[in-house]
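Reader: I have this protein on my screen and would like a close look at one part of it. Could you walk me through that part and then show me how it sits in the whole?

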Amino acid sequence: MFINKTEDGRNNRCGIVIERRRKALGKSQRQLADMLQIAGLDIDKNAIQRIESGKRFVTDVEIVYLAKVLSLSYEELLGSWNNNPKD
């Protein structure tokens, strides 16, 4: 049976990277949501929290906006499939 989760049971691979990058930039979850809204993505602080905790799936549209506002490539955002993004 096919399961749409990471090896550790998360609903996305990018949440860990998003949280690390957001903190490195000195931004709160609300500030990140505001940055995304200014860029054109309708998202709120609660969605950011759920993405970072791995409880929410992330769409390809959201990946594009997240990569843009966090100044990351898609590869950096998604992490390597051969490596654990927690490393």
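Reader: Please take Lys 68 and the helix it belongs to. Where is Lys 68 placed, and which residues of helix 4 are buried?

Author: Happy to! Lys 68 lies in helix 4, and please keep in mind that this is a predicted model. Lys 68 counts as exposed because its relative accessible area is 61%, and the cut-off for that word is over 50%. Its C-alpha atom is separated by 8.6 Å from that of Ala 39, a residue 29 places away along the chain.

Now for the helix itself. Helix 4 covers residues 60-70, and Val 64 is also placed there. Val 64 has a relative accessible area of 40%, so Val 64 is called partly exposed. Together with Tyr 74 and Leu 78, Val 64 makes a nonpolar surface patch of about 240 Å².

The buried side of the story belongs to other residues of helix 4: Glu 62, Ile 63, Leu 66, Ala 67, Val 69 and Leu 70. As you go through that list, a general point is handy: an α-helix has 3.6 residues a turn, so residues three or four places apart point the same way. What do the buried residues of helix 4 pack against? Their partners are helix 1 (15-24), helix 2 (29-39) and helix 5 (74-78). Just after helix 4 comes Ser 71, which takes a positive phi of about 55 degrees.

Let's step back to the whole protein. Its secondary structure consists of five helices and zero strands, and from the N terminus on the order reads α-α-α-α-α. For 87 residues, a compact globule would have a radius of gyration near 12 Å; the protein has 12 Å, so the two agree. Along the principal axes, the C-alpha atoms fill a box of roughly 40 × 25 × 20 Å.

Of the 87 residues, 37% count as buried. If you take the contacts between residues at least 6 apart in sequence, 59% of them join residues at least 24 apart.

Methods
Residues are numbered from 1 along each chain as its sequence is written. This is a predicted model: local features need pLDDT of at least 70, side-chain atom pairs count only at pLDDT 80 or more; totals for chains, interfaces and linings use all residues. Side-chain values use heavy atoms; hydrogens and water are left out. Patches are made of residues with over 30% relative accessible area and no salt bridge: like charges are joined within 9 Å, nonpolar side chains (Val, Leu, Ile, Met, Phe, Trp, Tyr) within 5 Å. Accessible areas come from the Shrake-Rupley method with a 1.4 Å probe; for residues, only the protein chains shown count as cover. A salt bridge is a side-chain nitrogen of Lys or Arg within 4 Å of a carboxyl oxygen of Asp or Glu. Helices (H or I, at least four residues) and strands (E, at least two) are DSSP runs, numbered from the N terminus. Buried means under 20% relative accessible area, exposed over 50%, partly exposed in between (1.4 Å probe, protein chains only). Contact means heavy atoms within 4.5 Å. The radius of gyration is taken over C-alpha atoms; the globule rule is 2.2 Å times the number of residues to the power 0.38.
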